[in-house]
Amino acid sequence: MPGIYDEPEFYQAACAYRDVPAEVDALLRWAGTHRGQDAGPPRSVLEMAAGPAEHARELARRGLRATALDLNPAMCGRARDLAKATGISLTVVEADMRDFHLPGQVDLAITMLNSLCHLLSLDEMLEHLGCVARHLGEDGLYIMELAHPADFLAAEHRTSSEWNTEVGDGMVSVRWGAHDQIDPVTQITTEHVSVTYHKRGGPVRTVTDVVPNRFWTATEMVAAIRLAGGFTIVASYGDFDADLPVDAVAAWRMILVLRRS
């Protein structure tokens, strides 16, 4: 039975609440700040676990040489189709973010939307970090967006697990792990997902799935990055709009900026 990652239109609609152009503004701003004075703006980008490649396509639209990498063939097909439909040059690669081989190196690598939750163990995270480091050039940056630790450790979560979003042709209603419990030993939660797409003048259809996700703490990420080698953490942020520190009360994401060392 197909799940949410086999239904890229539903997945894309579920994430339509995100302001992708504003987030890309932040990515480029941070790249300008942290790549070094002599490095210049990034000319190439790799988005991993990219899904429909919203951010890679926006970066390509702004003139970067963009590659989108995802393990799921349906997501890769969606990314290719959307890029072609809008005349955007995008390289799409079907591969595992833990172990991939691409020709050449890039200036900027990104993972968005807490996609690193699909790495369920320390070994997998180390494989991933090592692979990314090999694909980054001198002064290259890796910007990773993860869920904020407060969503798992605090009494009040920073993000909602249920939301409704208007999309171009209707409304999407999402329930993503609303009452699922995290395993206190493995830090893995088996999240029950339901996405209902109400298309105007068309059928109402619901896609459900059960998705294992790993919660990564800030201290675990720092330790994994040090253990993997090849990177220095140069900044951390709690959102895309105001460059809040990750420990601010209003922070809702954990965004780490790594520089190739």
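Author: Happy to! Let's start at the end of helix H2, which is followed by Gly 36, a residue with a positive phi near 110 degrees. This is a predicted model, in which local features need pLDDT of at least 70 and side-chain atom pairs count only at pLDDT 80 or more, while totals for chains, interfaces and linings use all residues. Residues are numbered from 1 along each chain as its sequence is written, and side-chain values use heavy atoms, leaving out hydrogens and water.

H2 covers residues 20-34; helices (H or I, at least four residues) and strands (E, at least two) are DSSP runs numbered from the N terminus. From first C-alpha to last, its 15 residues reach 21 Å, close to the 21 Å expected at 1.5 Å a residue (1.5 Å times one less than the number of residues).

Buried here (under 20% relative accessible area; exposed is over 50%, partly exposed in between, with a 1.4 Å probe and protein chains only) are Val 20, Glu 23, Val 24, Ala 26, Leu 27, Trp 30, Ala 31 and His 34. Viewed down the axis, they fall within an arc of 155 degrees, so they line one face of H2 (the arc uses directions from the helix axis to the C-beta atoms). Gly 32 and Thr 33, on the other side, are exposed.

The buried residues pack against helix H3 and strands S4, S5, S10 and S11. Beyond neighbours within four places in sequence, Trp 30 is in contact (heavy atoms within 4.5 Å) with residues including Leu 141, Tyr 237, Phe 240 and Ile 255.
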